[in-house]
Amino acid sequence: MAHPMYGSGPLRSRNAANSEEIQLRIDPVHGDLDEEIDGLHSRVRMLKGVAQEINSEAKFQNDFLHELQMTLAKAQAGVKNNMRRLNKSIIQQGSNHVLHVVLFALFCFFVVYLLSKFSRR
């Protein structure tokens, strides 16, 4: 049977005069509470270390992504400039080709015209 002063467990709340106050009595029989508290304290320290590692890894990943975005933006700008230059080059060469085709067609027409003029004589 439980001791009337301690209740059924190592901790027991007692009604206080003020309802905002809670008083706890620690059962001296269960003295391993200090060990439990020390164990919890070490686990909290370990969790704090893990949280700090996660924080530093998140910062590293964030910086890496930022650098990757900047590199991608530079590469995209370079590709855009190269495409613009390539399009200009194609347009200029294409217009030269059209000019050559037109001149060749005029030359052929002139040769056919001259051949037809001289063959009638």
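I take helices (H or I, at least four residues) and strands (E, at least two) as DSSP runs, numbered from the N terminus. The model is predicted: local features need pLDDT of at least 70, side-chain atom pairs count only at pLDDT 80 or more, and totals for chains, interfaces and linings use all residues. Residues are numbered from 1 along each chain as its sequence is written, and side-chain values use heavy atoms, with hydrogens and water left out.

**Fold.** I looked up the elements first. The protein chain has one helix and two strands. Along the sequence I read β-β-α.

**Cover.** I call a residue buried under 20% relative accessible area, exposed over 50%, and partly exposed in between (1.4 Å probe, protein chains only). Of the 121 residues in the protein chain, 2% are buried. The chain exposes about 11500 Å², and carbon and sulfur atoms supply 62% of that area.

Helix H1 spans residues 33-120. Asp34 lies in it. Is Asp34 buried or exposed? Asp34 counts as exposed because its relative accessibility is 55%. Patch members have over 30% relative accessible area and no salt bridge; like charges are joined within 9 Å, nonpolar side chains (Val, Leu, Ile, Met, Phe, Trp, Tyr) within 5 Å. A salt bridge is a side-chain nitrogen of Lys or Arg within 4 Å of a carboxyl oxygen of Asp or Glu.

Leu99 counts as partly exposed because its relative accessibility is 47%. With Val98, Val102, Leu103 and Leu106, Leu99 forms a nonpolar surface patch. Together they have about 450 Å² of accessible area.

**Record.** An unreviewed UniProt entry lists residues 97-115 as "transmembrane region". I find that span 100% helix and 0% strand, its end C-alpha atoms 26 Å apart.

Notes:
UniProt positions are given in the numbering used here, feature names are shortened, and annotations may be inferred rather than shown by experiment. Accessible areas come from the Shrake-Rupley method with a 1.4 Å probe; for residues, only the protein chains shown count as cover.
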